Amino acid sequence: MDNGLTLSVTRSLCRLFWLHGFAPVCEVRLAHGRRADVMGVNARGEIWLAEVKVSRADLVGDRKWGDYRDWCDAFLWAVPEALAPLLQQPAFAPADAGLVVADGHAAALVRQPALRRLAPARRKAATLALARTAAERVHRLADPGFEGFGAW
């Protein structure tokens, strides 16, 4: 996998989230143990979750992405332009999943995601995971000695 390309697609995806009113957080660990590549929450509390894929092998080999759908109001794929045609295949839920095509500078929402409202308890758990991840990262930046306090 190309880490430089992954970072570029992720950066562009986060910019797109922000422009759509979502505060993005990368690599959020969810209660079921999976890690969301990018999650964002907007002022209404809606949660978008995106899976970033930069290689054909990673995309077609990923069988866990369906586990994310229950943790967001909208699920999206974020890929470089070369992979976008693959996301039209039924296996990638084109009627349900949004599609973002991204490069290192910008991203385009080329297919809107279907909205499926989270149940209140799941929304709370997802929102807390996102908020705690973001707060911990801010604290680590502000306090270089924070690592010595361990995890909770």
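**Entry 1: Asp58 and its partner.** I began with aspartate 58, which is partly exposed at a relative accessible area of 24%, in what I note here is a predicted model. Its side chain meets that of lysine 53 in a salt bridge, with 3.3 Å from N to O. I then looked up lysine 53 and found that this residue is buried, with a relative accessible area of 2%, because that value falls under the 20% cut-off.

**Entry 2: the other salt bridges.** My search of the whole structure returned 10 salt bridges. Salt bridges with shared partners join Glu27, Arg35 and Asp37 into one network. Within it I looked up the pair of arginine 35 and glutamate 27, whose side chains meet at 3.9 Å, N to O. Arginine 35 counts as partly exposed at 30% relative accessibility, and glutamate 27 also counts as partly exposed, at 46%.

I next turned to aspartate 67 and arginine 34, which form a salt bridge with their closest N and O atoms 2.8 Å apart. Aspartate 67 sits in the loop between α2 (56–61) and β4, while arginine 34 sits in the loop between β1 and β2, so this pair ties together parts that are 33 residues apart in sequence. For accessibility I noted that aspartate 67 is partly exposed, with a relative accessible area of 31%, and that arginine 34 is partly exposed, with 30%.

**Entry 3: the largest pocket.** I looked up the largest pocket and recorded about 310 Å³ of space in it. There are 16 lining residues, and those closest to the pocket centre are Thr6, Thr10, Glu27, Arg35 and Asp37. The elements that each give two or more residues to this lining are α1 (3–19), β1 (23–29), β2 (35–41) and β3 (47–52), and α1 provides the largest share, four residues. Sorted by class, the lining holds six nonpolar, three polar and seven charged residues.

**Entry 4: the nonpolar cores.** In the largest nonpolar core I counted 28 residues, of which Leu30, Met39, Leu49, Phe75 and Trp77 touch the most other members. At least two residues of this core come from each of β1, β2, β3, β4 (74–79), β5 (98–102) and α3 (120–142). Apart from it I found another core, of 17 residues, including Leu16, Trp48, Ala50 and Ala102.

Technical notes
Residues are numbered from 1 along each chain as its sequence is written. This is a predicted model: local features need pLDDT of at least 70, side-chain atom pairs count only at pLDDT 80 or more; totals for chains, interfaces and linings use all residues. Side-chain values use heavy atoms; hydrogens and water are left out. On a 1 Å grid over the protein atoms alone, a cavity is a set of points where a 1.4 Å probe fits but cannot get out, and a pocket is an open set with protein on both sides within 12 Å along at least five of seven lines; lining residues have an atom within 4 Å of a point. Grid points are joined across faces, edges and corners, and a volume is the space filled by probe spheres set on the points. Ala, Val, Leu, Ile, Met, Phe, Trp, Tyr, Cys and Pro count as nonpolar, Asp, Glu, Lys and Arg as charged, and the others, Gly among them, as polar. A nonpolar core is a set of buried Ala, Val, Leu, Ile, Met, Phe, Trp, Tyr and Cys residues joined through side-chain atoms within 4.5 Å. Buried means under 20% relative accessible area, exposed over 50%, partly exposed in between (1.4 Å probe, protein chains only). A salt bridge is a side-chain nitrogen of Lys or Arg within 4 Å of a carboxyl oxygen of Asp or Glu.
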